[in-house]
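Please look over the sequence and the model below before reading on. The report that follows goes from strand pairing to the way side chains gather inside.

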Amino acid sequence: MNISLKRSLYMSQLKQGTLESFRKFLQSDAPAFVVRMRKRNFIAFSLFSWEHQLFLYTEASSEDWEFQWPEAYTAWLETWPDWSGYARARNLVPLMDVFHDNRPDDTASWRGVHSPQQRIGKLARLKPEMYSSYVFYHFQKQEEEPGSFNDRYIIGAYENLLFSYHELPAIVSEAPTGLLQTNNSPEDWHGVMHPHFDPWTDTEEEGEKLWRSLEELLSF
């Protein structure tokens with residue numbers, strides 16, 4: 001029986017000055033954390049940090065796919081108002097889907113026998129006035145050229161922040177037919193994309209000016 005798989009991206013924010021104590025607690029709680037996640041049918045999870053912000057990637061093979069922080073973690077986390085109709089605060093927000101190179105049909109074929117050697121999270125900043133253009137180009141590419149370079153590559157957005165996740169080695173498999181039968185994605189992709197970004201000004205490291213590498217805290 002094919003079991004559907006849901007992929008999600010989230011963002012949380014640590015209270016100022018708590019990253020080190022959070023990291024230590026997570027390290028000590030990691031075995032129990034993974035057990036709890038697997039009991040809820042999460043088959044993949046990655047947690048990354050950037051300063052006091054946390055970025056999460058999840059894959060869940062059940063209807064109960066929404067991630068929630070265990071109660072023991074809430075003391076470290078800031079809260080946002082919840083605009084979903086419930087009178088409660090929340091300590092993480094789901095990111096809006098901007099791009100995915102492929103999408104899973106079922107759990108077995110998606111993961112199969114492949115084991116990632118690297119799980120990579122990156123963070124970029126968009127110029128606010130370029131947001132709609134960025135989404136347009138990525139939807140166009142996603143639907144014109146599905147499954148073109150890395151099945152696991154996915155981008156989500158929160159305000160002007162972009163969080164991307166992918167795994168190496170790259171897996172490229174047959175993808176469902178895209179929604180567009182056109183061929184308008186620009187050949188000079190990186191040249192067209194560059195003006196959309198608000199570059200990081202605190203680094204000259206090659207490859208880090210637009211997309212900053214995040215620290216991986218936990219993955220399974």
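## Strands and their pairing

Two strands count as paired if DSSP finds at least two bridges between them, and strands (E, at least two residues) as well as helices (H or I, at least four residues) are DSSP runs numbered from the N terminus. This is a predicted model, in which local features need pLDDT of at least 70 and side-chain atom pairs count only at pLDDT 80 or more, while totals for chains, interfaces and linings use all residues. Residues are numbered from 1 along each chain as its sequence is written, and side-chain values use heavy atoms, with hydrogens and water left out.

Strands S2 and S3 are antiparallel and share eight bridges, and they form a hairpin with two residues between them, where Glu51 in the turn has a positive phi of about 55 degrees. S3 also pairs with strand S1 (residues 6-13), again antiparallel and through eight bridges. Thr58 of S3 is the bridge partner of Ser8 and also of Phe45.

## The largest nonpolar core

A nonpolar core is a set of buried Ala, Val, Leu, Ile, Met, Phe, Trp, Tyr and Cys residues joined through side-chain atoms within 4.5 Å. The largest one has 23 residues, and among those that touch the most other members are Phe22, Phe33 and Phe45. Helix H1 (19-39), S2 (42-50), S3 (53-60) and S12 (215-219) each supply at least two residues of this core, and H1 gives the most, with six.

Terms used
Buried means under 20% relative accessible area, exposed over 50%, partly exposed in between (1.4 Å probe, protein chains only).
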